[in-house]
Amino acid sequence: MIPYLHYLPLAIFTLSAILSLSNKKIAYLFIVIGSIFFAFLQFRSENEITYFSLIVSIVWVLVGIYSLSYGERYGRWLPSLLSVTIIGMFLILTASNYVLFIVGWEVMSIPSYLIIAINKRDSPAAFTFMVFSELSTIFLIAGVLYAFSLSGFTTFTFTSLHSAIPLLLIGFGALIKMGMTPFLISEWLPIAHGSAPASASAIFSATMTVMGVYIIFRMIEISAGSPGLYYVGLIFLLIGGMSIFFASIYAYISENMKILGGFSTIENQAAILSAFGLFLISSDALLKQFVLVTIIIFTFSHSLSKTGLFLTVGNSSGEYFSEAKNKNSLFGKVGTMLSIISLSGLFPTIGGLAVWMLLESFFMQAFIGGYAGIVAIISGSIIAVSEGMVTGAMLKIFFFTNLFRKKEENPEKLQSFVVFFVGLAVVTLFAFSVLMIPQLFLSGIPSVLVFNGLMIESRFGVGDFGLISPDYVILLIAMFSLLTYGVFRKPKARISPAWNGGSPVSPPYTSFAYSGNIKIMLKKILRTKTDTYGRDLSVVDVFWSSMIIIGVNYRKACKLVTRGFMNSSVGWYMIYMIVAFMVVLLISVLFF
Amino acid sequence: MSNFWFLKGIKKGVKTEKFPYEQEESPPLWPSKISGSGKAECPTNAIENGKWNSEKCIFCRRCVPNYQPDGDQNLFDVSKGEKTFKRSFYVFPVDTGSCSGCNMEFFNIFSPQYDSSRLGIFMTNTPRHADALLVMGIMTDGMREALELAYEAMPEPKLVIGLGACALSGGILGTPPLPKDQYNIRISGCPPSPYTVLKALLKAKEGDDGLNEYSRSGTN
Amino acid sequence: MQWYKFGEPSGRYVGETAYHRITENMITEKTETLTEKYKELPGEFGFLYGPSTGGLLESVLFNIHTPGEVIKGIDVNPEVKLRKIIVNGLKPADALLRIERINAYHSASHSIAFCSAVEDALDIEVSETTRERRIAMIELERIRSNLEVIKRICEPAGFGVPYNQIAYLKEKISRIIGNLFDHRYMFSSNSIGFATLNFKDVSGELSDIRKDFSDIFDSLLQSKIFLNRLQNNGVIDTADLIGPAARAAGHNIDARIDSETLPYRDMNFKPAIFDEPDAFGRFYVRSMEVLDSIDLVMSIKLETQQEKSNDPKNSEGEGAARIESPQGDLFYYVKIFDGKIDHIELSSPSIPNINAFKKSMIGNIFTDFHFNWESFGIWISEAAVLFQ
């Protein structure tokens, strides 16, 4: 093997960042090529940790192709900054030591503030995003230093640890970046992700958050056997359970499509975090292995479908549901439909498999019993409820972008095609999901034509639990559809115009009304804020109001501290970025 | 006991009349068929040259005593019926600008005395379920679009019924909502009595060829 | 004008014509008042109901502003069936044919108010017999109208038995009217200066109806389900209420006691008053009025006796009259020149009722809508009329 070959993608991404100053299209093309190389060089089917590289490169490829159609919509800065963010993620995924990891984390984060700052001027989104990201960095550095001290101040490489503290600290840092701490569910992440162009939103939501999952995964691997992991698991389960529940509710009642996507991201991350929690509290070796596979599949499904969702939303004009207008395209519609099916955790998509595996894991643990079982049944139920709510939220996106509203003409073919491809991918991945699952969990029932290796079985120490055969599901759905078509042919429907009491048909049904049922059911928690005339303004909840008070004060304090050397003007971000880059370069040069 | 409505209902017994199997129990004098000769000071020109046109008549009694009503309720004309509706006939009423008289008399055919549901005549809340469109009142600007939409929304086969002088000829108040030949069933009266409405609807649902045992042929 | 003057408003509010505001004895020039339109907040939408759909007797368009369930505001547009009726330039007798057809269900109220206004303008003396006949006409009409309202309140509650029993009584009243006046809607029974009647003894039938209705009424009052749908629904108690809505709110307001047009005072009439300003109060007052009106009709001595109009003392002049229609005060103003109508104005009780309904509906939910709407007994055909 050629030495330094695995630095080739890095070179391509760097080239892309520079080239974008002269030609945006070539820059995007380089992102695509670099990502393909990256996937080929990193991915090993037998090594679980390399699946993360595969996941993010697929997203980068899709976003790169999608962005080719941007034309003059965004300036030259966008591909350049995206490339730098991708370089950061490249560093994180290839880092063999903590320092390179921290460097990658900063390289990934800094351009993202700038993307948001340039895209949404006069918006505090970029500022809050930066404050929280830097807060996460502080936790990461603290964790790294503790790990460094554990090694007797000798090495920064990822070596096995005998304490759960670095995991807890680095985990907290990652959770802040994933939008789950310090307030269980944080408003800033959806707003920040929603304030970027669609391609950047997809990169943030679908890959940047994966970095958090990756580092927790990595830390759990090297902290195996440390004392206190059980309690870290309980903390993760608590945060995950609360976050998933509220994120799904907020997603459901959200009025802004991109913010809904942001909340859905938190919801997915919280599900993954709960899986980590389960992994840590469980004492069943087989179940633990199943949970790890679940996490990989879940991350896969989240990243792909979320890319599809953000690209769909980017395809529609208007951020709010009330002004949503989608381009009229069958490909786009099918792609969106499949993406939201996947995000809702329904078959026949990879998301369906992921949610099935997650719930199976929790219920297996519940079956084993004990305190861990009680925790598992509670968490599992919360996750199940939330997944149901998410289905409603996802359908809301589909209805308001593709069904209810009038369509705009001239769909962008490339964009619809990418969305369609995402849809195709979530189904294809479902069909081939058996390839990602260890032989240990595969079997078959040849007597009903489910051949060996085509059926996934959830197993744990006690025995078998549940089973699903993705290909069988697809086959059955296809067969019954064809059968129905064969028997009935095209539906013989008589189309008569809709009747709206004699008024012209223009149903101004709002998404606010769509989520009215939840608002009424949870009216003890969710309060409709009214103005002095007793008219509705917005929906707030009891917890949220108190969190907002803490958040506002926290932000005020941050502002006070940072006002001296930084304000929210773009120029200062530039300076901050250049200075930070110089520091990063300096560290790298010194270290290697 | 006071809330056992079911028992209260049974206690009252059957209040429905034998009509249409027997004669009307209480036919009103106005409107009913008018005959006579001589001059008449008619505000709607329903009597011209001694000939009486029921569709223009608003039954204002100005032609009395030269002309007299005879209590005959057959004031309708069915130019097209539909046998498909023999067992169930759903009617969707559209009020394009009525004085509410026709509305009331149409709704009255569902009151216990007439109980048209037993004869397979029902009202529906949407034209998409309707077999017939029942138009009442004169044309008004605001209802023009609604009338067109309602007609479009109805499935085939469909009938159009004109109820009352306003719908048929504009009466004394304005212009009719549809031209005369667009109505398959024309029911005269100002407003038509429930007996007339019921008879016309019965004939319409039996179709063109043949009448069943109860509905007598309409004249005019 | 015997009973009305132009000038500053005095006494209680009665209604509005196209150009004037009417109070107890005064006709006042209308000052331009802009009606405030409801502005939807983010997340709210307008739910269109009507103009032609189930649950509506007449064509009317509602735009219900709501974020989902609570009604934040409501627009009522009766003008979808706005009829332009040509009356100006006609002889009063010809105009009467059109006035009767403004609202057939209340043609007696309209024709009597109009005739009284014309009689006031031309100074025609009206016989006591005619005046009593007119009271009988209005009261019979009131019985039927109130029965219709109560019937329609029973309908959304799913009370099929009382619904049909009241429909039966209502049809019986229609037949009594048909027997007495030869027409079920009293068209052409009333003329300028006199009213025709074809006497038949109906007191037996009326007392049967009274007994049947008071049975139904008592049972409805004992039905918790029924009362729950009505009580605290559509609460409104403002100074510009008229008719049953005002009497339900405890105001002793009735054109039968404060208008001189018809001799109710000689009959020692006292209106039914209640103290709950909600849909239940309106239901209660209307039910009591059914019973009171039957008593009133039975107390009038009706005879078949050909009446003739007295000669008019003037050939031109202005006249105004107000009577209590089943919905409230109904007011007509006419100006006659050279024996022909020169100008005519109508203050229909349905318009103040629509305004009251709009106010009372705010804060209620969709399921309350029909009960509240029906309890006001609003008739679109008399609210959407333009004289030309």
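In what sense, parallel or antiparallel, do β1(C) and strand β4 of chain C pair? The first legend takes this up. The model shown in every view is predicted.

**View 1. The open sheet of chain C holds four strands.**
β1(C) pairs with strand β4 (residues 26-29) of chain C in the parallel sense. Two bridges join them. At one of the residue pairs, Phe6(C) has Ile27(C) of β4(C) as its bridge partner. The order across the sheet is β1-β4-β3-β2. The pairing is mixed. β1 (5-6) and β2 (13-16) of chain C stand at the edges. Each has a single partner strand, so one side of each is left without a neighbour in the sheet. Strands of a sheet pair through backbone hydrogen bonds, either parallel or antiparallel.

**View 2. Chain C is built from twelve helices and 14 strands.**
Its C-alpha trace spans about 65 × 50 × 35 Å along the principal axes. A compact globule of 388 residues would have a radius of gyration near 21 Å; chain C has 20 Å, which agrees. Buried residues account for 58% of the 388 in chain C. Consider contacts in chain C between residues at least 6 apart in sequence: 68% of them join residues at least 24 apart.

**View 3. Chain B comprises five helices and ten strands.**
The C-alpha trace of chain B spans about 60 × 40 × 40 Å along its principal axes. For 220 residues, a compact globule would have a radius of gyration near 17 Å; the value for chain B is 18 Å, which agrees. Of the 220 residues in chain B, 52% are buried. Among contacts in chain B between residues at least 6 apart in sequence, 77% link residues at least 24 apart.

**View 4. Helix α5 of chain B covers residues 194-206.**
Is α5(B) largely enclosed or largely open? The burial count settles this: 13 of the 13 residues of α5(B) are buried, so the helix is largely enclosed by the rest of the structure. At 1.5 Å a residue, the 13 residues should span 18 Å. The end C-alpha atoms of α5(B) are 18 Å apart, which agrees. Just after the helix comes Gly207(B), with a positive phi of about 90 degrees. An α-helix has 3.6 residues a turn, so residues three or four places apart point the same way.

**View 5. Thr175(B) sits in a loop of chain B.**
The loop runs between α4 (164-169) and β10 (185-187). Is Thr175(B) buried or exposed? Thr175(B) has 12 other C-beta atoms within 10 Å, and residues with 12 or fewer count as exposed, so Thr175(B) is exposed. Leaving aside residues up to four places away in sequence, Thr175(B) touches Ile138(B), Met139(B) and Gly170(B). Gln73(B) is 102 residues from Thr175(B) along the chain. The C-alpha atoms of Thr175(B) and Gln73(B) are separated by 25 Å.

**View 6. Leu29(A) belongs to helix α2 (residues 24-42) of chain A.**
Leu29(A) has 18 C-beta neighbours inside 10 Å and so counts as partly exposed. Leu29(A) and Leu68(A) are 39 residues apart along the chain. Their C-alpha atoms are separated by 7.7 Å.

The mean pLDDT of chain A is 80. In chain A, 79% of residues reach 70 or more. Where pLDDT is low, the predicted coordinates should not be read in detail.

Technical notes. Residues numbered from 1 in each chain as written. Chains lettered and ligands numbered in written order. Predicted model: local features only at pLDDT ≥ 70, side-chain atom pairs only at ≥ 80, totals over all residues. Expected span 1.5 Å × (residues − 1). Buried ≥ 20, exposed ≤ 12 C-beta atoms within 10 Å, placed from the backbone. Rg over C-alpha atoms; globule rule 2.2 N^0.38 Å. Contact = placed C-beta atoms within 7 Å. Pairing = 2+ DSSP bridges. pLDDT = per-residue confidence, 0-100.
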